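Subject: Handing over a structure, with notes

Dear colleague,

I am passing on the structure below, and I would be grateful if you could look it over before reading the notes that follow.

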Amino acid sequence: MERVSKENYYLDIAQTVAERCTCLRRKFGAIIVKNDVIVSTGYNGAPRGRKNCSDLQFCFRDKLNIPRGERYELCRSVHAEQNAIIAAPREQMLGATLYMACVSPEDGSVIGGMNSCMMCKRVILNAGIARVVVRDTPTEYRVIDTQEWVENDDSLSGQFGY
């Protein structure tokens, strides 16, 4: 019997968290882990008390044909990474790892090649999270050292999206 890697174990949990998502475009799940302890979880959805896109049956950004990764001020959702950070105590995020998975709302299949948006990168950096692990396939993933986001500041590039 082959044992699942620690990274895929946590990514499997993040993928399960994504099932709670209320976004019509993409379902993201995130978990923050420090010293092999899950600190918090988050998925993308409208702020507490507001109607979700899944309740409204439409996505405002889709209606306006806004490409992914752009004009997030028009999105109803709080991102998965942000929700996980909001739910975690700061001292537990310092040096922690954030695991993230994205799945299709249509069939639940893994959507690879995702990355945190510029807003989430800023929040992740300020939270003190050291690594982000992103699922690309059911078994493959990328490990991002958040220090790379400091050294290669994409917010200065003028390019949007993720």
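Which residue just after α6 takes a positive phi? That residue is Gly128, whose phi is about 90°. Before going further, please keep in mind that this is a predicted model, in which local features need pLDDT of at least 70 and side-chain atom pairs count only at pLDDT 80 or more, while totals for chains, interfaces and linings use all residues. Residues are numbered from 1 along each chain as its sequence is written, and side-chain values use heavy atoms, with hydrogens and water left out.

To begin with the overall fold, the protein chain has 7 helices and 5 strands, where helices (H or I, at least four residues) and strands (E, at least two) are DSSP runs numbered from the N terminus. Their order along the sequence is α-β-β-α-α-α-α-β-α-β-β-α. The radius of gyration of the protein chain is 15 Å, close to the 15 Å that the globule rule gives for 162 residues, so the chain is as compact as a globular protein of that length; the radius is taken over C-alpha atoms, and the rule is 2.2 Å times the number of residues to the power 0.38. The C-alpha trace spans about 45 × 40 × 30 Å along its principal axes.

Of the 162 residues in the protein chain, 43% are buried, a term that means under 20% relative accessible area, with exposed meaning over 50% and partly exposed the range in between (1.4 Å probe, protein chains only). Among contacts with a separation of 6 or more, 67% join residues 24 or more positions apart, a contact being heavy atoms within 4.5 Å.

Leu98, in strand β3 (residues 97-103), counts as buried at 0% relative accessibility. Leaving aside neighbours within four places in sequence, Leu98 is in contact with Ala30, Ile31, Ile32, Glu81, Ile124, Ile129, Arg131, Val132 and Val133. Val143, in strand β5 (residues 141-145), is partly exposed, with a relative accessible area of 44%. With the neighbours within four places again left aside, Val143 is in contact with Arg131, Val132 and Val133. As for distances, the C-alpha atoms of Leu98 and Arg142, which are 44 residues apart along the chain, are separated by 12 Å, and those of Val143 and Gly29, 114 residues apart along the chain, by 16 Å.

Turning to charged pairs, how many salt bridges does a search of the whole structure find? There are 5, each being a side-chain nitrogen of Lys or Arg within 4 Å of a carboxyl oxygen of Asp or Glu. One of them joins the side chains of Arg25 and Asp62, at 2.6 Å from N to O. Arg25 lies in the loop between α1 (6-18) and β1 (27-34) and Asp62 in helix α3 (residues 60-63), so this pair ties together parts that are 37 residues apart in sequence. Arg25 is buried, at a relative accessible area of 17%, whereas Asp62 is partly exposed at 39%.

Another salt bridge links Glu73 with Arg71, whose closest N and O atoms are 2.6 Å apart; here Glu73 is exposed, with a relative accessible area of 56%, and Arg71 is partly exposed, with 43%. Arg142 forms a salt bridge with Asp136, the closest N and O atoms lying 2.7 Å apart, and Arg142 counts as partly exposed at 28% relative accessibility.

Finally, there is the largest pocket. Its lining consists of 13 residues, of which Tyr43, Gly45, Ala46, Arg48 and Asn83 lie nearest the centre. A pocket here is an open set of points on a 1 Å grid over the protein atoms alone, where a 1.4 Å probe fits, with protein on both sides within 12 Å along at least five of seven lines, and lining residues have an atom within 4 Å of a point. Both β2 (37-43) and α4 (80-86) supply at least two residues of this lining, and β2 gives the most, with 3 residues.

With best wishes
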